[in-house]
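Student: Hi! I have a structure open and would like to walk through it with you. Could we start with the terms?

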Amino acid sequence: MAKRTRLIISTLTTVLMGLVLFPTSAVAVPQPPHVFYGAVTVGGAAAADGLTVTAAIAGASFPYTPTAQTSGGRYGDDLKFRVPADDPDTGAKEGGVSGDTVVFYVEGVEAGTYSFAVGNVTQLDLSIPALPTLAAPTNVQKTTPDNDNTPTFTWGAVANAASYQVRLDFGTFTDIGNVTTYTFPTSIADGTHTFEVRGVDAQGTPGPSSLYSFTILTQVPAVGVGVGGGGIAGVTSVLYALTEYGRFTEDVIARSADGNAQLYIPKDTIGKNRMGSLLSSISIKEMAEPPAPPAETAIIGPVYNIGPDGATFDPPIELTLKYDPSLLPPGANEKKLVIAWWDKMAKEWVELESSVDPEADTITAKVSHFTAFAILVPTRPASFTLADLKITPTEIYLGESVSISIQLTNTGDLTGSYEVSLKIDDSVVETKEVTLEGGDSETVSFSLTPNKVGEYSVDVGGLQGTFVVKELKAPAAFTTSALTISPKEVDIGERVTISITVTNTGGITGAHKVTLKINGAIVEVREVVLAPRASEKVVFTVVKHAAGTYSVDVDGKRGSFLVREKAPPPKEEKPPLTPPPTTAPPPVTPKPVTRINWWLIGSIIAGVVLIGVVTWRIVTRRRAG
């Protein structure tokens, strides 16, 4: 108990300090919440750990506070069960105002009520007869537009539910039978409301509730109302385009009543109020007494307070403000406009990276939260600095020109003019007037051709330098010498090399064209650039395909070469024919005479005959026997 008492005292002290340190001003300060804690019972017994405790206020867009879990039969002993207060800066209802009824739920079953009071800390014990056996209805949707004041709702069927009950803004429940759709029979007033539906089992025991915040806007939309439904000038309903997690299901545009301020919220952006709950609407309204601009800065046009204050967006959304160029201070640079937001804690304007469209007279920036926004323009008077004096060249000859330049910058914010004076030897010789917008720079140049030899001092705006004018040297002059032709005689198609030496006898560098003529006709021209007293050998190569004598002229130096006909190649002399030497035939060796041995041949024949006769006699005797 002592620990809880200390927490209560700490919380009250914080609330009181907030009221003292942040009194109500042109920019309202967020109101402190109503903090609750206490015991929880189910059927008269202490609640088990882990049961969910929530609270709601009719018409508030949160629609629930952050949930708490029971522990030891209690909730909120850490003083973090906070029912938010409404933001007075906006037309939307984000929380409670003193006197509102706060309805408490345990596991979705109504467990008690209490009257809301800004900044209070209250012990409130909660109880329910039993834990629910049914589930809460899911996918609750309003299927009619915001300008229909007899809206229709649908929801998913609950298992084992015999019928359903509905109510508006925590009034009396109405039995509607076993249906999953309901249309209000009578009209509902414009504003933000809370629809509640729950299932009932066969024994008549209600189950847990599902709540749905919605907006009714039947007024004719005023100029500047955003596309997200509306009716009140400068207030745009967005609840229809949000999921239960705060994600936008479509692109939404919200506008101020005068149409000069516009927010573009792309699909899939996450948007929540400062308590982390759902947004119901966005308001863009002019501030009657805006904070003063920073020093040397002016506010252009109205200051727009965009609410609900403290609402956040991920990723940042696009804010576009239209301005009237005639309101810019004389000399203000339109490109320097920025959007700034008002930091209430630091009490200062914070500039945003902005993009200016001078053709449309608009300025755009990304914003991640809601507060007051304004267009600022810097108004520091024009102020000029000079830098980077250049003298080119620093040495010239009489009759030549010298270039003198300097960088001029307007370090102020407003457009202004400045006279840049060139002094030579402490006398002003030329002045130029230059006009620059704030922050711009320009190179200012002078050209001077002195008519006397000597050293000159230069002064431009206090920056100093010198240059020297020298006596004019003799102009470049060229001579040619040492004409060489090699070889002097060649055959047709052979190469002849012709060279000559060119010398610059003048006092300055110059260019000279060397011209080669053959038989009076120009064959080739070469250009050489030579410093004073420098020489260079110029070489030409020619090939002729006709015999004859050719005259050569190079810048008046003459010579010649001869091209000969090619002599025919010498005939090859054949030696006289010599008869081949006579060779004696080789000696003929007589072949030996072969003699036939007739006695041998006759003996062989006789032997064969004899064998045949003997064989015949043997065969004959056998047949006879």
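Tutor: Happy to! Buried means under 20% relative accessible area, exposed over 50%, and partly exposed in between, with a 1.4 Å probe and protein chains only. This is a predicted model, where local features need pLDDT of at least 70, side-chain atom pairs count only at pLDDT 80 or more, and totals for chains, interfaces and linings use all residues. Residues are numbered from 1 along each chain as its sequence is written, and side-chain values use heavy atoms, with hydrogens and water left out.

Student: Good. Is Leu 408 buried or exposed?

Tutor: Leu 408 is buried, because its relative accessible area is 0%. Leu 408 sits in strand β32, residues 402–410; strands here are DSSP runs of E with at least two residues, helices are runs of H or I with at least four, and both are numbered from the N terminus.

Student: Which residues is Leu 408 in contact with, leaving aside neighbours within four places in sequence?

Tutor: Contact means heavy atoms within 4.5 Å. The partners of Leu 408 include Phe 384, Leu 386, Tyr 418, Val 420, Val 434 and Leu 436.

Student: Zooming out, how many helices and strands does the protein chain have?

Tutor: The chain has two helices and 45 strands. Of its 625 residues, 40% count as buried. Among contacts between residues at least 6 apart in sequence, 63% join residues at least 24 apart.

Student: On to charges. How many salt bridges are found in the whole structure?

Tutor: The search finds 14. A salt bridge here is a side-chain nitrogen of Lys or Arg within 4 Å of a carboxyl oxygen of Asp or Glu. One of them pairs Arg 167 with Glu 196, with the closest N and O atoms 2.7 Å apart. Arg 167 is in strand β13 and Glu 196 in strand β16, so the pair ties together parts that are 29 residues apart in sequence.

Student: Why do Arg 167 and Glu 196 count as buried?

Tutor: Arg 167 counts as buried because its relative accessible area is 7%, and Glu 196 because its value is 1%. Another salt bridge joins Lys 366 and Glu 318 at 3.9 Å, N to O. Lys 366 lies in strand β28 and Glu 318 in strand β24, so this pair ties together parts 48 residues apart in sequence. Lys 366 is exposed at 51%, whereas Glu 318 is partly exposed at 29%.

Student: Last one: where is Lys 347 found?

Tutor: Lys 347 is in the loop between β25 and β26. Phi of Lys 347 is near 55°, also positive, and Lys 347 is exposed at 58%.
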